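Work through the exercises below with the sequence and the 3D view open. Try each task before reading its solution.

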Amino acid sequence: MSLSQSEIKGEVIFSWYSSEGRAQLADRWGGRVRRVFSPGLGRGSVNISSVRETDAGLYRCRVTFPNRTPPARNNGTFYYLDVDGGNLIVTPPVNVTVLEGDRAELECLPKSPEWTVQWYHEGVPVETLPEFAQRSQLAVNGSLIMKQVVSTDLGEYECRISAADGQTQSASAFLDVQYKAKVVYSPKERYLPYGKSASLDCHFSANPPLTNLRWEKDGFLFDPYNVPGVFYSINGSLLFNQVDESHEGMYSCTPYNVLGSAGPSAEVRVRVARPPALVVRPLPLYLVRLGATVTLPCAVAREPHHAPPAIHWIKKDGTPLPEGRYSLSEGNLTITQVSEEDRGVYVCSLSNEADELAVETELLLENVPPRAPYNLTAKSTANSIHLSWVPGHNGMDVEYNVWYRERADSEWRTMKLLSRGSTHATLLALRPATEYELRVLSQDHIGDGLFSKPIFVRTLDSDPGEDRSTTAGVSATVTEGIMNTGTSWSSATNEASGATLGSVSGSVGGPIGGSGTLDELGVTVRLIEEGALIRWSRAPGDDTLCSVRWYDTDEPQHKLIAVFSTHQDYILVSPVVEGAGYWAGVECGEVIGGTGVQVPQYTRLRGVAAGSAAAALLLGALAAALCLARRRLRPHARDKRSR
C-alpha cells in the first residue's frame, strides 16, 4: 500500500508492505504520518498530524501486489485535503528526538514575519527560565533553537502566534531528549535496622529506559544471586531479607541503558544499627478520674555505644498536650490534674538512624458523659424544621436525640439519629403556624450527657388553599446521615412493640400512579419501635437523590401524607397508626420501586392475649380443685375395701 500526493508529481509520501512490517516515510513528512488501527477503517488508513497549509491537495491511496502478475491494477482511492480555518501558522512544530548535548530546532513559521511569536515550555514562557534562555534563541523565522540540550529540556513546547488584529493561534510539539543512564543522587551514609528487612536504592535517571544495573561492595562486584538473603527488586534496588553485621560496607551502583552509562554513583557507607525497642509498653487503655495524675509509660532499651532514640508524644487527633500539666521522664508521659480535654488517643513515637516505632494508648475518664451541644440553629417551613448544632466535643462515637414539643403541650416527642456524630436533623409532619420548643441530648457509651439550651421555633403559615396532606415534608430535605422523623408512641404501644415488628415488600403497582410496573429498587418496609423503616437497593457508590412518597392507603384514592428526599438508601417515617395501611413509593433517577405495609392492631392482640391468659388461669384453677377433691375421696374408698 502506498500514499502519494498528486500535486507533487505522484511523490510517494508513505508506503507499507505487509511482508516487511515496517513503514517507509518521506523525509519532509517525518513524524506526521502513521497507520491507524481502528475498527471500521481499512488496514491502509493513515493519520496526518500537525497539519500545515502546504499539506492541502489531492491524495491517492494505491494497493500493489508484488508477488502477483500484474503487480498493479487500475485501483486507488482519491482524497482531497482542504486546510481551512484562517491559519496564522504556515509550518507548525513537530515532535523532535535528540541526544543530550546536541542541537535541537522546533519550527514555527508564521504567515507574516511581522507577527509576534512566543514559545512556552510546559506552560511557562521560555524567556522567564534563566538556565534555558542562556542555551536557546528565537530565530528570525520563529523557530526555537536550543544550542546544547540537557535532560531537563525534555517536555512539551508550545508556539503562540499573535497577529496585528489580535487573532492568536498556537501549536505544540514534544521534545524527547535521550541520554545515558546516570545517577542523580547518592547519600554518603545509610543506616539499616538489624534483624529487619531493608532496601538500598540506586537513584538514577535513564532515557531510553534502564536495561541493567550493577552493584559493587568494597570495590568488588556484588551479585545478590550469590548472597543468601539479598535480592534484586524490579527497579534494581537491593533488598535485604534480614539485616545483619555482614551487610555493612561501601556500596556503589552503575545504571545502564541502550546508550550506555554515565558512570557509577559515589560510594555509600552502609551501617547496621539496632532499631528502637521498648522495655515497657503502655497499656491499650487507661481509665482515670477527673483531677487525678496518670503516667503513660514508654521506656526504651539502651544500647551501649549508641545514642538513645528520640522520643515524642502526641495526641492522635492533632490537639496539643496540656500545657503546664505534663512532663516527660525517660520516655514516660505524666499528666497531672487530668481534665475532660485530656481524653483521647496518645501516640509514643521512637526513632533513630535505623528505624521508627510508634505505639498507641487511649485515655478515658470515669463517669464523664459528653458535654451538651450548643449554638442550636433552625430553619422552618410550614410543616418542617431543620435543626443543626455544634457538638460538645469532637468525639465521633456520640449519639444525639432531638426532643421537641409544641410550646403549649406538655408531652415531649423524641427523634433518635441513626448515624453517629451527625449534627443535623429535620423534623417533619409538624403543624403550620405553631411554636415548637427543641432541645438536643447527647450520649455515648458512658451515658447520657446534658440537654442543650432550648430553642423556640415557629413554623410558617400554610396557604389557605394548600392541602397539608400533600405538602407535608416536601421542603424538608433529609441531610447526609439523617433519615429520621419525629417519634411519638404511647406507653401501651411501646410495651407491645419489639425491636422488629414486621417486614414486607411488594410490587410497584398501587398508588404510584402507573409510573412503572417493575420493582427495580427492591423496596421493603420494616416496622420498628420508632416507626416504619423504608429501605431500597442501590449500587455501591451511587449517590443519586431519591424521592420517597408516603401514602395512607386507608383513605380514599390513597392520600399522600409526606414527600422526602435523600441521598441514602433508607429513611425512617413516623409515627404510624395501629391498624392503618401505608404505601411507600421510591424514585431514584429513572429507577422506581414501591411496596405496602399493614400495621397490626396491637391493642386487639393484647386483649386477645389477656383473654387467653384469663381462660388458662380459670382452667388451671378447675383442674386444681378436681385434683384436691379426688385426694379427699381416696381414704374413704380404702376404708370400704378393708371392711
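**Exercise 1. A disulfide and its partner**

Which cysteine does a disulfide join to C202?

Solution. First, a word on the source: this is a predicted model, in which local features need pLDDT of at least 70 and side-chain atom pairs count only at pLDDT 80 or more, while totals for chains, interfaces and linings use all residues. Residues are numbered from 1 along each chain as its sequence is written, and side-chain values use heavy atoms, with hydrogens and water left out.

Step 1. Apply the criterion: a disulfide is a pair of cysteine sulfur atoms within 2.5 Å. C202 is joined to C253, with 2.0 Å from S to S.

Step 2. Find the handedness. The torsion about the S-S bond of C202 and C253 is about 75°, so this disulfide is right-handed.

Step 3. Locate the ends. C202 sits in the loop between β19 and β20 (203-207), and C253 sits in strand β25 (residues 249-256). The two are 51 residues apart, so the pair links distant parts of the chain. Strands here are DSSP runs (E, at least two residues), numbered from the N terminus.

Step 4. Check burial. Both C202 and C253 are buried. Buried means under 20% relative accessible area, exposed over 50%, and partly exposed in between (1.4 Å probe, protein chains only).

**Exercise 2. The other disulfides**

How many disulfides does a search of the whole structure find?

Solution. Step 1. The search finds four. Counting bonded cysteines along the chain, the pattern is 1-2, 3-4, 5-6, 7-8.

Step 1. Take C108. Its disulfide partner is C159, and the sulfur atoms are 1.8 Å apart. The angle about the S-S bond is -70°, a left-handed link for C108 and C159. C108 lies in the loop between β10 (104-106) and β11 (109-110), and C159 lies in strand β16 (residues 155-162), so the pair ties together parts 51 residues apart in sequence. C108 is buried at 0% relative accessibility. C159 is buried at 0% too.

Step 2. Take C298. It forms a disulfide with C348, sulfur atoms 2.0 Å apart. The torsion about the S-S bond of C298 and C348 is about -85°, so this one is left-handed. C298 is in the loop between β29 (294-296) and β30 (299-300), C348 is in strand β34 (residues 344-351), and 50 residues separate them. C298 has 0% relative accessibility and counts as buried. C348 is buried at 0% as well.

**Exercise 3. Strand order**

What is the order of strands in the open sheet that contains β19?

Solution. Step 1. The order of this three-stranded sheet is β19-β24-β23, with antiparallel pairing. Two strands pair if DSSP finds at least two bridges between them.

Step 1. Look at the edges. β19 (198-200) and β23 (230-232) each have a single partner strand, so one side of each lacks a neighbour in the sheet.

Step 2. Zoom in. Three bridges join β19 to β24 (residues 238-240). Among them, L200 has L238 as its partner in β24.

**Exercise 4. A hairpin**

How many residues form the link of the hairpin that joins β38 to β39?

Solution. Step 1. The hairpin goes through six residues. Step 2. β38 (residues 399-406) and β39 (residues 413-416) pair in the antiparallel sense over four bridges. Step 3. N401 stands opposite K416 in β39.

**Exercise 5. Core and surface**

Which residues touch the most other members of the largest nonpolar core? Is F456 buried or partly exposed?

Solution. Step 1. A nonpolar core is a set of buried Ala, Val, Leu, Ile, Met, Phe, Trp, Tyr and Cys residues joined through side-chain atoms within 4.5 Å. The largest one has 23 residues, and I534, W536, W550, F564 and V586 touch the most other members.

Step 1. Ask which strand gives the largest share of this core: β50 does, with four residues.

Step 2. Turn to F456, in strand β43 (residues 455-458). F456 is partly exposed, at 38% relative accessible area.

Step 3. List its contacts (heavy atoms within 4.5 Å). Leaving aside neighbours within four places in sequence, F456 is in contact with R407, E435, Y436 and E437. The C-alpha atoms of F456 and E435 are separated by 6.7 Å, though the residues are 21 apart along the chain.
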